[in-house]
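Subject: The two-chain model, with notes

Hi there,

Here is the structure I promised to pass on. Please have a look at it first, and my notes follow below.

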Amino acid sequence: MSQVGKLGYVDSKLGAPTSGQQTTRILFNTIENPGTTSSLSFFKNFQGLTNGQTNLTQNKLDSMESMVIKTITLFQLNSANILRNFGDLAQQTLSVIVGNQTVVKNIPIHFNQGINGQAFDRLHENAGVQSDNVTNPTELVQTRMPIEIRLLTDIVIPPQVAFEVRIESNAAGYETGAVTCALAGYGKIFSAGNTF
Amino acid sequence: MALSAQDKILYVANKLGLSTLGQMQGSTGAVYDVDTEVSGQIFSSASRHQNPGVTNITENQFEVNEALLVETIAFYVKNTSGAVQNFQQVYGSGAVIVFDLVIGNKRVMKDTPVFAAGSPYTFANVGNQVNPVGEASATSYTPRHQVYMEGAGILIPPQVQWYVDYRIFDVVTGATIAATDETALGCYLFGTRVLLNFNTSI
């Protein structure tokens, strides 16, 4: 089933509105100054974040909006805006919780990365590869790439249902800059259409 | 994609009453423009810009029976000497563009981020590798800054104005980053194009 068909199917099962502007949707959320921790929860805290750090104000979509997640992106910046390895290369797992249901469970985030994992996805064959040639990278000389996990099945976030992305580790180091999670895919946004 | 690009164009054209769009020339195309005024909008001032140095359109709407199904949106930076540059290499890895695509009176893409460090949904995560002669591995990466609109290409119909509204932020601090003449932001809209074809009408 295509992602468009899947979203329409789930929305109709839930009685959610099926009208709206079809579009590409990317949701993102940032955690400032994460430090060393065993657990990160994205899309949980929006207080004090600007539009450059998140594009939501609550952990759910509006009543007329829904989306299908196709990829999950994670990256870590230090306080000098230099892109770093996420969690200092520690083994970490990612879960996506929608409502009361875990829809992605403890998936290892480095599995698709070249530097310390296996690139199962040819689309991202060299993602995460790090160069040793630049010993002192700057924010303008980027030596690695963000993590992007391509999901094999379509995960739906319905309207008005709380969701969360959780990263767990054994005290991974995220430094004092910021970590960001982005959920990208196909979605519907509210469209007044002929209503108004 | 649930619908092919051509089917999507014809579906929307039919909804809009554009009965002759299906007889036009199907093609591939991209339009671009740069916000040289640093106004926060791209394409809305295209009629005042040098062609093709800054833009390849004369106004931010298509002629009768011309259209573009936007399938990828990409961003770049242009300086005052006219050089096209990579967004990450000008603004640094911590920057993010947050943009809306507006067609007519309707916002069809909403608060969409494009991260300088490498954007999700480019389907080419690596971007460009810089490999100096004699070096075994890349020394740095210049990521791509694109949004691939998988499954949901959006049609810009004929004779409807469109523009991209954007702001640039620092992800770590959340502060707004002001563009300048030397760091003006440009945008490509790439996809399946419909070109006016006189064969059936003249």
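**A sheet in chain B, and what surrounds it**

β2(B) and β11(B) pair in the antiparallel sense, over 2 bridges. Here helices (H or I, at least four residues) and strands (E, at least two) are DSSP runs numbered from the N terminus, and two strands pair if DSSP finds at least two bridges between them. In this pairing, Gln41(B) has Asp165(B) of β11(B) as its bridge partner.

Before going further, please keep in mind that this is a predicted model, in which local features need pLDDT of at least 70, side-chain atom pairs count only at pLDDT 80 or more, and totals for chains, interfaces and linings use all residues. Residues are numbered from 1 along each chain as its sequence is written, while chains are lettered from A and ligands numbered from 1 in the order in which they are written.

**The sheet**

The strands form an open sheet of 4 in chain B, in the order β2-β11-β5-β6, with antiparallel pairing. β2 (41-42) and β6 of chain B are at the edges with a single partner strand each, so one side of each has no neighbour in the sheet. Further in, β5(B) and β11(B) are joined antiparallel by 9 bridges, and Ile97(B) stands opposite Ile168(B) of β11(B). β5(B) also runs antiparallel to β6(B), over 7 bridges, with Leu101(B) facing its bridge partner Met109(B) in β6(B). β5(B) and β6(B) make a hairpin with 2 residues between them, and Gly104(B) in the turn has a positive phi of about 65°.

Where does Leu185(B) lie? It is in strand β12 (residues 184-195) of chain B. Leu185(B) is buried, because 25 other C-beta atoms lie within 10 Å; the cut-offs are 20 or more for buried, 12 or fewer for exposed and partly exposed in between, counting other C-beta atoms within 10 Å of the residue's own, all placed from the backbone. Leaving out residues up to four places away in sequence, Leu185(B) touches several residues, including Ile42(B), Ile97(B) and Tyr166(B). Touching, or contact, is meant as C-beta atoms, placed from the backbone, within 7 Å. Leu185(B) and Gln41(B) are 144 residues apart in sequence, yet their C-alpha atoms are 9.3 Å apart in space.

**Where the chains meet**

On the chain B side, 41 residues are in contact with 50 residues of chain A. α2 (87-91), β5 (95-103), β6 (106-115), β8 (140-142) and β11 (162-170) of chain B each supply at least two residues to that side, and the largest share, 7 residues, comes from β6(B). By class, the side of chain B that touches chain A has 21 nonpolar, 13 polar and 7 charged residues. For those classes, Ala, Val, Leu, Ile, Met, Phe, Trp, Tyr, Cys and Pro count as nonpolar, Asp, Glu, Lys and Arg as charged, and the others, Gly among them, as polar.

**Chain B overall, and confidence**

Chain B has 2 helices and 12 strands, and 49% of its 202 residues count as buried. The average pLDDT of chain B, the predictor's confidence in each residue from 0 to 100, is 88, and 87% of the residues score at least 70. For the complex, the predictor gives an ipTM of 0.83 and a pTM of 0.88. Where pLDDT is low, the predicted coordinates should not be read in detail.

Best wishes

Note on methods: Contact = placed C-beta atoms within 7 Å.
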